[in-house]
Amino acid sequence: MAVDRVQEVGAETATTVAGVAAVVRYYSVAPGVRLNVRSGPGTGYGIVRVLPEGAQIPIYCQQPGTAVVGPYGTSKIWDNIGSGQYVSDAYVQTGSDGYVASRCA
């Protein structure tokens with residue numbers, strides 16, 4: 001996947017990927033939480049890094065995985081926040097119990 005350009009637009013980022021423009025929204029991680037970022041959509045995947053308290057994250061796509069109980073309920077949705085980087089949606093304030101981005105390919 002080649003990214004042609006990235007342009008900051010307030011709380012959103014417009015990205016052109018292979019000639020298709022997509023707007024990526026940023027969401028807040030639950031207050032007071034240092035969130036594990038995993039290499040895949042589940043707790044069985046390794047931790048690749050830890051997000052600091054107060055982090056704002058992009059959600060590029062979402063997919064089902066391990067069920068997790070967090071501050072925003074129980075969810076099987078995992079948010080892709082970068083290449084090989086997933087966080088449980090139960091820790092992300094999306095304002096929805098369902099999908100807010102397209103399913104990961």
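**Close-up views of a predicted all-strand model**

Among contacts in the protein (heavy atoms within 4.5 Å) between residues at least 6 apart in sequence, 41% join residues at least 24 apart. This is a predicted model, in which local features need pLDDT of at least 70 and side-chain atom pairs count only at pLDDT 80 or more, while totals for chains, interfaces and linings use all residues. Residues are numbered from 1 along each chain as its sequence is written, and side-chain values use heavy atoms, with hydrogens and water left out.

**View 1. The strands of the protein.** The protein has ten strands and zero helices, where strands are DSSP runs of E of at least two residues and helices are runs of H or I of at least four, numbered from the N terminus. Of its 105 residues, 37% count as buried, that is, under 20% relative accessible area with a 1.4 Å probe, protein chains only.

**View 2. The largest nonpolar core.** This core, a set of buried Ala, Val, Leu, Ile, Met, Phe, Trp, Tyr and Cys residues joined through side-chain atoms within 4.5 Å, has 13 residues, and those with the most contacts inside it include Val29, Leu35 and Ile81. Strands β3 (20–29) and β4 (35–38) each supply at least two residues of this core. Leucine 35 touches Val29, Arg49, Val50, Leu51, Val87 and Tyr91, leaving aside residues up to four places away in sequence.

**View 3. The surroundings of alanine 55.** Alanine 55, in the loop between β5 (47–51) and β6 (56–58), is buried because its relative accessible area is 11%. Not counting residues up to four places away in sequence, alanine 55 touches Tyr27, Ser28 and Val29.

How values were computed:
Buried means under 20% relative accessible area, exposed over 50%, partly exposed in between (1.4 Å probe, protein chains only).
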